[in-house]
Amino acid sequence: MLRNYEIRLVFLVMCTISLVMLVVAAFFSLAAVVLVLLTSMLLIGCSLLFTRLRYQEIEKLSGYLRRISSGDYTLDVRDNREGEFSILKNTIYKVTVMLSEQSTLLHKDKIHLTDAISDISHQLKAPLTSMLVMADLVDDAKLPEAKRKEFTRNIRIQLERLDWLVSTLLKLSKIDADAVQFKKDPVMVAGLIEKALQPVLIPIDIKDQTISITGEDSVSFLGDLNWTTEAIINILKNAVEHTQEGGTIAISFSENPLYTEIVIKDNGKGIPREELPFIFKRFYKGKGAGEGSSGIGLSMAHSIITKQNGDIDVQSDIHEGTTFRIRFYKRVI
């Protein structure tokens, strides 16, 4: 304790004052000298004692902070007494709890990042492996021309899949990082549906599926047309993929004072009830997912919609079809 410069200074000042008082008391009587001496000793002793006790508390807090810095967040230093030290202890405990929660979140983020990298690697590995094999076959001079064209076409398909996968992952990462500024423009739902249907018209025609659209031309909401189109396209692709040839996909939209609603319903094979809680999770692929499915389309749709003050719900039964219900709220709820 006496190694501290401030304590030595205080001790020196108190001793100096005591000596001065002793000199003054000597002019009066011996009893005054004894009284001043005893009073000075008691004051200096009490001061050193209380200072020592405070330093012991500081040493405990220092040890507590060292354990925190080493990652031990289980200690509880709180007490119910009054005073500055109790306030300091309670403040340190609050900071400890906050650090513990942040450490837990960082650990979860690390696990999530590891899983995401693993999933992305798996998604990229399949088409890359397929292209490497076909590229080796194309190099064979004895390969028939028909097979060479077939392999070349397959390589192009895999490259397009890779391009879509990388592009979608980049979009998702921007959305997750809040790097996308969604516009809040009036979006006419009829035009939105028309724009979203364009990329899926050919698959719909190939599978001879029927599309029905119901809704008033005046229905609208505030949002981002391009990003919302991206979300609807992914939902429509899912509906087309899981609806049999000759099936139907019904799109309806309406609005009320609370929200604008878009409903996309198909009569396809449906989704098992146990899979419904997971279909919006990234890279999740159900048992009925197609071979080329990446498991990120619905996840991206969910992110885009929820970032625009909306929500998306799904209802489905096996062999009875699936219904996606999208709502864009007019007020924050």
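In the predicted model, five strands form an open sheet with the order 2-4-5-7-6 and mixed pairing, where helices (H or I, at least four residues) and strands (E, at least two) are DSSP runs numbered from the N terminus, and two strands pair if DSSP finds at least two bridges between them. Strand 2 (210-214) and strand 6 (310-317) are the edge strands, each pairing on one side only. Neighbouring strands of the sheet are turned against each other by 10 degrees on average, direction ignored, with axes being lines fitted to C-alpha atoms, for helices over the stretch in contact, and angles running from 0 to 180 degrees between N-to-C directions. Residues are numbered from 1 along each chain as its sequence is written. As this is a predicted model, local features need pLDDT of at least 70 and side-chain atom pairs count only at pLDDT 80 or more, while totals for chains, interfaces and linings use all residues, and side-chain values use heavy atoms, with hydrogens and water left out.

Strand 2 pairs with strand 4 (residues 248-255) in the parallel sense over five bridges, and Ile 211 has Ile 249 in strand 4 as its bridge partner. Helix 5 (residues 189-197) packs on the sheet, in contact (heavy atoms within 4.5 Å) with strand 2, strand 4 and strand 5 (259-266), and its direction makes about 155 degrees with that of strand 4. Helix 7 (residues 225-241) also packs on the sheet and touches strand 4, strand 5, strand 6 and strand 7 (321-329), its direction making about 170 degrees with that of strand 7.

Within helix 7 lies Thr 229, which touches Leu 192, Lys 195 and Ala 196, not counting residues up to four places away in sequence.
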